[in-house]
Amino acid sequence: MNEIVKPDSLIVAEAESLTETFFGGCPHDCPDTCSMLFDVKDGQLQGVRGNPDHPMTRGGLCVKLKDYEKRHYHPDRLLYPMKRVGPKGSKQFERITWDEALDEIVSRWTAIIDQHGPQAIAPYSYLGNQGLVHGLNGGDAFFNRMGATVMERTFCGEGSCTAWLLTVGPTAGLDPDSYIHSKYIVIWACNSVSTNLHHWAIVKDAQKKGAKVVVIDAYASRTAKAADWHIAPKPGTDGALAMALINSIIAQGLVDQDYVDNHTVGFDELKERASTRTPEWAAEITGVPADDIRKLAYEMATEQPVGIRMGVALERHYGGGQTIRAVTCIPALTGAWRHVGGGVTQFGVWEHPYKFDVMCRPDLIPEGTRVVSNLQIGRALTGEMKLDPPIMSMMCWNSNPVTQAPETDKIVEGLMREDLFMVSAEHFISDTASYADILLPATMGAEMEDMILSWGHLYLTYNTKCAEAPGEAIPNNEIFRQLAARLGFEEENFKWSDAECLEHYVDWSSPACEGIDLAYMREHGFARLKVGTPDDRAPHREGNFPTPTGKCMLKVEGATNFVAPPFRQMYEGFQPGEALDPLPDYLGPRESHTNDPELAKRFPLNIVSPKSHYFLNSCYANMEDKQKGQGEQFVMISQADADARGIRDGDRVRVGNDRGAFKGVARITDDVKAGIVVATLGYWRQLNEGTVNSISSGAFTDMGHAPSFSDNLVEV
Ligand SMILES: Nc1nc2c(c(=O)[nH]1)N[C@H]1C(S)=C(S)[C@@H](COP(=O)(O)OP(=O)(O)OC[C@H]3O[C@@H](n4cnc5c(=O)[nH]c(N)nc54)[C@H](O)[C@@H]3O)O[C@H]1N2
Ligand SMILES: Nc1nc2c(c(=O)[nH]1)N[C@H]1C(S)=C(S)[C@@H](COP(=O)(O)OP(=O)(O)OC[C@H]3O[C@@H](n4cnc5c(=O)[nH]c(N)nc54)[C@H](O)[C@@H]3O)O[C@H]1N2
Ligand SMILES: [Mo]
């Protein structure tokens with residue numbers, strides 16, 4: 001057990017007994033990684049607040065987290081280890097002890113390893129918890145030591161990462177805090193009002209100071225409606241828009257030639273490539289008028305400092321990687337990097353000094369271990385993907401693939417297999433946990449010590465263990481510690497306490513951590529990395545890109561596809577992926593009228609399934625007050641498409657394709673153009689008929705094995 005840390009300065013006396021306040025960090029998968037304050041009395045979380053001292057959180061929390069204590073003490077919270085007693089998926093479970101649960105897991109796994117070898121066991125986790133200790137990579141060392149199948153996790157941003165690393169290398173680029181200095185802000189495929197709220201506050205402040213805010217989104221999202229200019233390309237055609245911007249910046253003579261000459265590689269070839277990608281060409285493809293494209297190109301070159309915030313959603317169609325390469329080239333062409341508040345933002349995580357090798361221990365992976373994609377787990381479990389040995393057991397934590405991964409009908413079919421031994425560590429009996437043989441109760445936010453990985457800003461964030469866990473819930477890492485002990489894993493990392501893990505998982509001696517250590521984090525709750533301040537940071541003013549050449553790579557000779565660690569753990573023997581085009585370009589969507597007219601005849605509508613405002617992926621979708629805010633699953637459809645199908649506003653409609661179907665309530669609106677429908681993500685399958693992922697494809701995009709959630713045709 002870790003010691004509870006109580007900074008004296010934060011103790012506030014209340015009328016009768018004492019409420020103590022501790023530093024928390026929001027553990028959810030979100031670019032904001034808020035620094036919070038936990039108010040605790042008698043070991044119970046009373047309430048949460050945004051930390052007013054945190055420059056990004058600024059004392060505010062989102063609609064999901066503002067009453068986080070209710071999630072801690074929700075009546076449906078999983079409190080005890082349980083074992084399945086009814087048919088798979090029936091949710092009939094019976095309480096057992098921790099010893100019984102762990103003994104059962106170890107004896108089943110030992111038998112599977114004896115019969116099929118360790119690769120018959122597969123881990124499945126994601127960023128349901130973003131902690132360094134209890135999060136994404138928490139079980140990696142354990143399963144690597146076992147020799148289990150390596151699960152590649154490319155839910156979110158991995159195609160973007162591949163494109164980014166190829167073009168500019170592992171830089172955090174434009175600091176989200178620096179947008180206060182931007183004069184022109186382009187938010188591209190990001191619904192900041194819902195998904196990056198605290199960055200939106202900075203954007204609004206810049207807007208008040210006179211900055212123009214442009215949102216490029218497939219539909220009129222909350223953020224698009226709050227913009228000065230909403231540009232709406234057809235889903236999956238952003239690459240054409242980006243190439244035409246490059247064409248037009250060059251054609252209008254707006255290139256910062258001095259910057260290009262000194263700090264880029266491949267300008268002549270890119271110029272040649274872009275020469276036929278004219279605004280007229282792109283207008284045909286995207287539906288955005290050519291004059292608008294020229295105007296955007298002009299303003300993006302001349303209204304410096306220009307900041308571009310790329311959303312994860314920019315990667316979610318076949319040409320997503322190439323699109324991100326093209327967009328990432330733009331600030332180098334215009335010289336935007338010269339300015340504080342100029343450049344482009346992908347993920348801040350690249351400048352965080354996390355030691356993933358220590359966390360994950362990829363050195364423990366036996367040579368030749370196979371890799372299975374988390375996006376194709378349905379194919380793997382059902383046997384559609386030929387695997388020898390087959391997956392005979394899966395352990396799932398921090399993820400809910402039955403709602404969140406594509407091809408969910410196949411996942412359910414796979415999880416129904418009588419011979420599959422399924423373990424779920426969870427807070428609730430989620431859609432995935434419903435199919436478990438053994439359920440393990442996991443602790444929540446205030447109940448465990450951790451530091452929260454931030455992928456969207458440049459602060460380290462600390463989370464205090466300050467509330468008692470209800471029932472018999474224990475932290476993820478404690479589950480792995482206990483399993484490792486039972487399996488006789490002797491490596492020292494399986495014996496580290498959570499606090500010792502934190503000492504080992506961060507490179508406290510790196511220049512970015514100057515003056516910061518774990519004691520500092522406990523005392524202050526958060527710390528800005530020493531990578532420049534929001535008011536002076538212009539990391540590529542003089543080039544200095546962390547690429548092999550030190551330059552921005554407009555062209556990458558000999559590039560091959562790859563999935564960056566820690567989403568896929570690398571070890572010697574991994575083969576490089578397929579060759580990539582040395583230059584960025586437009587690659588159209590896979591499921592489209594142009595690429596697959598036959599399919600488009602049967603399924604003419606392009607569906608986009610973005611995040612729900614009141615849910616965090618599938619979290620909170622089981623809570624009544626959040627359901628009330630979000631409303632039931634809806635399907636936004638244009639008047640023209642509704643009329644053509646005899647659909648009236650409020651009708652319950654079925655949305656389907658060859659992969660499956662879900663139901664929702666039709667919402668006829670001008671917010672979507674004809675040919676597009678929008679249904680937001682996160683609704684639970686056990687509370688709704690199907691989910692948006694019943695229809696989505698497990699096919700990868702062009703880079704990083706990224707998901708193609710915006711590249712699906714349906715009929716309504
Ligand atoms: N409220 C809330 N916040 C969240 C989450 C949540 O579930 N709920 N999830 C968190 C997670 S995991 C992530 S990764 C981030 C993601 O944050 P965002 O990147 O903002 O994610 P999305 O809402 O999926 O998509 C953003 C916008 O992209 C648009 N879009 C989709 N496809 C295309 C396209 O092809 N072209 C263009 N131009 N636009 C497109 C959608 O219409 C949507 O408005 O948010 C995090 N924050
Ligand atoms: N159609 C469509 N699908 C999408 C997307 C989309 O835009 N459209 N977005 C994709 C993106 S960006 C992402 S990131 C993925 C997210 O996919 P997931 O990471 O699978 O999303 P969540 O629904 O947040 O699932 C997290 C689960 O972990 C559990 N959990 C949380 N904390 C803990 C903990 O400390 N311990 C344990 N044991 N469990 C915990 C939660 O209760 C929850 O059930 O979804 C992807 N799916
Ligand atoms: Mo995500």
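This is a predicted model: local features need pLDDT of at least 70, side-chain atom pairs count only at pLDDT 80 or more; totals for chains, interfaces and linings use all residues.
On its own, ligand 2 has 910 Å² of accessible area, of which the protein covers 98%; accessible areas come from the Shrake-Rupley method with a 1.4 Å probe, and for residues only the protein chains shown count as cover. The surrounding shell comprises 30 residues, the closest being Ser399, Gln404, Glu426, Ser609 and Ser618, where a residue is near a molecule or strand if one of its heavy atoms lies within 4 Å of it. By class, this shell holds 12 nonpolar, 13 polar and five charged residues (nonpolar: Ala, Val, Leu, Ile, Met, Phe, Trp, Tyr, Cys and Pro; charged: Asp, Glu, Lys and Arg; polar: the others, Gly among them).

Residues are numbered from 1 along each chain as its sequence is written, with chains lettered from A and ligands numbered from 1 in the order in which they are written. Local features need pLDDT of at least 70 and side-chain atom pairs count only at pLDDT 80 or more, whereas totals for chains, interfaces and linings use all residues; side-chain values use heavy atoms, with hydrogens and water left out.

Around ligand 1 there are 31 residues, of which Thr195, Asp217, Asp238, Phe615 and Asn617 come nearest. Backbone atoms provide several polar contacts here: a polar backbone atom of Asn191 is 2.8 Å from an oxygen atom of ligand 1, and a backbone N or O atom of Lys611 lies 3.1 Å from an oxygen atom of the ligand. For Ile216, a backbone N or O atom is found 3.4 Å from a nitrogen atom of ligand 1. The protein covers 99% of the 900 Å² of accessible area that ligand 1 has on its own, and its shell divides into 14 nonpolar, 11 polar and six charged residues.

The largest pocket contains about 540 Å³ of space, grid points being joined across faces, edges and corners and a volume being the space filled by probe spheres set on the points. Its lining has 25 residues, with Lys234, Thr237, Pro589, Ser592 and Thr594 closest to the centre, and α11 contributes the largest share, three residues. Helices (H or I, at least four residues) and strands (E, at least two) are DSSP runs, numbered from the N terminus. The lining of the largest pocket divides into 10 nonpolar, 10 polar and five charged residues.

The second largest pocket holds about 410 Å³, and Trp350, Phe356, Pro565, Pro566 and Phe567 are the closest to its centre among 22 lining residues. Its lining has 18 nonpolar, two polar and two charged residues.

How values were computed: A polar contact is a pair of N or O atoms within 3.5 Å; within protein, one must be able to donate a hydrogen and the other to accept it, and residues adjacent in sequence count only if both atoms are side-chain atoms. On a 1 Å grid over the protein atoms alone, a cavity is a set of points where a 1.4 Å probe fits but cannot get out, and a pocket is an open set with protein on both sides within 12 Å along at least five of seven lines; lining residues have an atom within 4 Å of a point.
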